[in-house]
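This report describes a single protein model, from its overall fold to selected residues.

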Amino acid sequence: MSDTKPENGSSDLWGPIAPIMQPMVSTAVQMAKIWGNTLSAIVPGGASALNNFVSGAPSRSASSHAAASRYSVQVCSQRPTTVDVLLNPDAEFMVLSIDPLAPRLADADGEPPLLGVSLSCKDGHVTVRVAVEDSQPPGAFHGFLKDAGGNRRGEVTVTIAEAD
């Protein structure tokens, strides 16, 4: 490699291949713009969400939107019961369903799932309802919230304590 500059004093890095590279680079830039515009049209949060994804930094709009998620939990149980809900951003505006909650521990084979769990989504508000039958064994039960396409949009974990 030589440390010499071109005779005209410019800092042309491409040198004699510039006429060949310019159309290829120009085409690649146009394709990137088309790809970015298409993605920003279908990604919740638009271009700002894409910019934050690429940079790895949380956006003000993403964090404020996540904080704006609303959900309620209703529990009907004779025993102490804890419900943990993890709701992905924008999931509150989707039609969601929930799988039966399976026992969380690997050694709980044969234990029945927790069936008394339902949810409703209305006007950006998700309500999770848990009804624990007296015959339900204690333990932790886990399931996923899914959108109409079957994609995971959140999780629910219900922990039922022993009867006093």
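Helices (H or I, at least four residues) and strands (E, at least two) are taken as DSSP runs, numbered from the N terminus. On this basis the protein holds 3 helices and 8 strands, and the order of elements from the N terminus is α-α-α-β-β-β-β-β-β-β-β. The model is predicted: local features need pLDDT of at least 70, side-chain atom pairs count only at pLDDT 80 or more, and totals for chains, interfaces and linings use all residues. Residues are numbered from 1 along each chain as its sequence is written, and side-chain values use heavy atoms, with hydrogens and water left out.

**Burial and contacts**

A residue is called buried under 20% relative accessible area, exposed over 50%, and partly exposed in between (1.4 Å probe, protein chains only). Of the 164 residues in the protein, 24% are buried. A contact requires heavy atoms within 4.5 Å. Among contacts with a separation of 6 or more, 58% join residues 24 or more positions apart.

| Residue | Relative accessibility | Class |
|---|---|---|
| Cys-76 | 53% | exposed |
| Cys-121 | 29% | partly exposed |
| Asp-123 | 74% | exposed |
| Glu-162 | 57% | exposed |

With a disulfide defined as a pair of cysteine sulfur atoms within 2.5 Å, a search of the whole structure returns 0 disulfides.

**The nonpolar core**

A nonpolar core is a set of buried Ala, Val, Leu, Ile, Met, Phe, Trp, Tyr and Cys residues joined through side-chain atoms within 4.5 Å. In the largest such core, which has 19 residues, the members touching the most other members are Ile-98, Leu-101, Leu-114, Val-117, Val-130, Val-156 and Val-158. At least two residues of this core come from each of β2 (81-87), β5 (117-122), β6 (125-131), β7 (139-146) and β8. In soluble globular proteins, nonpolar side chains tend to be buried together.

Beyond its neighbours within four places in sequence, Val-156 is in contact with Val-83, Asp-84, Val-85, Ile-98, Leu-101, Phe-141, His-142, Gly-143 and Leu-145.

**Thr-157 and the end of the chain**

Thr-157 belongs to strand β8 (residues 152-160). Thr-157 is buried because its relative accessible area is 14%. Its side chain makes a polar contact (a pair of N or O atoms within 3.5 Å; within protein, one must be able to donate a hydrogen and the other to accept it, and residues adjacent in sequence count only if both atoms are side-chain atoms) with the side chain of Arg-104, at 3.2 Å. Not counting residues up to four places away in sequence, Thr-157 touches Thr-82, Val-83, Asp-84, Arg-104, Phe-141 and His-142.

Glu-162 lies in the segment after β8. The C-alpha atoms of Glu-162 and Pro-138 are 5.6 Å apart, although 24 residues separate the two along the chain. With residues up to four places away in sequence set aside, Glu-162 touches Arg-79, Pro-80 and Pro-138.

**Ring and backbone features**

A charge sits over a ring if NZ of Lys or CZ of Arg is within 6 Å of the ring centre and within 35 degrees of the ring normal. Arg-152 lies over the face of Phe-144, at 3.6 Å from the ring centre.

Most residues other than glycine have a negative phi. Asp-90, in the loop between β2 and β3 (97-98), has a positive phi near 70°. Asp-123, in the loop between β5 and β6, has a positive phi of about 55°.
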